[in-house]
Amino acid sequence: MEKTTHIPNEKKIYAKHVGKGEKIKLKDIAFFPIEYILRCVDGPYEGKQIRIKDLGDEIIIGSGSECNFYLKDSGISKKHCKLTWVPSTIIYFLEDLESDLGTWLKISCLDDAYEIKENTVFSLFQHVFEITNDSTSKVLRFLQGPKKGAEYNIDEESILMIGKKGTDIELEMKCLENQIYKIMKIKGRIFIINNCDEMTDEGLFYKIHKNERAVVRGGDIIRIGKSCFRIIVHNWGIFSEIGDRMQQEDRNCIIDDLRLFDEVVIPFYAVYDGHGGKIKIKMK
């Protein structure tokens with residue numbers, strides 16, 4: 001049986017000149033269909049990719065033969081998770097299908113604070129911790145890693161910093177020293193913020209609850225079993241040549257979606273010439 005996929009009406013994109021004093025309105029920007037690519041950035045399938053729309057509007061990911069996105073991986077359940085396109089939008093819903101090891105979504109530094117509405121498990125490199133948020137306790141508790149068993153209270157109107165160096169909770173991590181996360185409790189509500197200066201494929205992931213439908217879009221990174229998949233907008237690649245320098249001083253910046261709008265995807269690609277010195281790229 002042939003399966004049809006609904007695609008919104010295609011429109012061309014035209015440049016619009018904006019004169020002095022004029023403003024661009026969202027309605028002036030033509031809508032165009034998003035053909036996201038799901039690329040494996042870490043794990044057994046690293047480098048492999050597929051256009052999401054080729055799999056249809058609903059994608060079942062797992063190790064079972066009945067899944068339309070089949071992955072042969074010991075860490076992936078027969079029916080692991082599901083991606084569902086929201087018609088006429090740039091977003092997908094991500095749901096866990098009661099997998100054994102869970103479905104994990106990376107908290108981006110481009111997103112607003114993630115609110116913890118119930119007990120949530122997080123993964124940060126080799127560290128796994130849980131933040132409880134109920135009427136009796138609001139505590140950060142380490143479940144795996146060198147700090148297993150350690151607990152930290154989350155106080156009202158205060159900030160708890162997690163990072164590699166010079167923070168309230170210092171962790172052993174194979175990452176940049178400026179990879180820092182903030183946990184805040186405001187009027188009983190708990191928020192966690194990715195305060196990193198640079199964008200990487202690694203970082204802080206949270207485990208999607210069984211009854212949760214997480215929103216994903218360009219740039220999001222999903223961890224399924226032993227593999228991490230990044231949703232990219234264009235089929236980009238990177239190559240660098242050091243030349244005569246002792247170390248690579250040039251830098252690049254790839255942002256699949258700046259997330260300026262909820263209706264339009266705006267990617268950003270840049271190369272920075274070091275000119276004899278290191279360049280530090282800050283996102284905030």
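A residue counts as buried under 20% relative accessible area, as exposed over 50%, and as partly exposed in between. In this predicted model, Glu 115 has a relative accessibility of 22%, so Glu 115 is partly exposed. Arg 189, at 43%, is also partly exposed. These two residues form a salt bridge, with their closest N and O atoms 2.9 Å apart.

The structure holds 15 salt bridges. One of them joins the side chains of Glu 35 and Arg 51, at 2.9 Å from N to O. This pair links distant parts of the chain, 16 residues apart. Glu 35 sits in the segment before strand S1 (37–42), and Arg 51 in strand S2 (residues 49–51). Arg 51 also meets Asp 54 in a salt bridge, at 3.0 Å from N to O. Asp 54 is partly exposed, at 47%. Glu 35 is partly exposed at 30%, and Arg 51 at 33%. Through shared partners, salt bridges join Glu 35, Arg 51, Lys 53 and Asp 54 into one network.

Strand S7 spans residues 103–106. Side chains in a regular strand alternate between the two faces of the sheet. In S7, Thr 103 and Leu 105 point one way, Trp 104 and Lys 106 the other. All are buried. S7 pairs with strand S19 (residues 221–224) in the antiparallel sense, over three bridges. There, the bridge partner of Leu 105 is Ile 222. S7 also pairs with strand S17 (residues 204–207), again antiparallel and over three bridges. In S17, Phe 205 stands opposite Lys 106.

Note on methods:
Residues are numbered from 1 along each chain as its sequence is written. This is a predicted model: local features need pLDDT of at least 70, side-chain atom pairs count only at pLDDT 80 or more; totals for chains, interfaces and linings use all residues. Side-chain values use heavy atoms; hydrogens and water are left out. Buried means under 20% relative accessible area, exposed over 50%, partly exposed in between (1.4 Å probe, protein chains only). Helices (H or I, at least four residues) and strands (E, at least two) are DSSP runs, numbered from the N terminus. Two strands pair if DSSP finds at least two bridges between them. A salt bridge is a side-chain nitrogen of Lys or Arg within 4 Å of a carboxyl oxygen of Asp or Glu.
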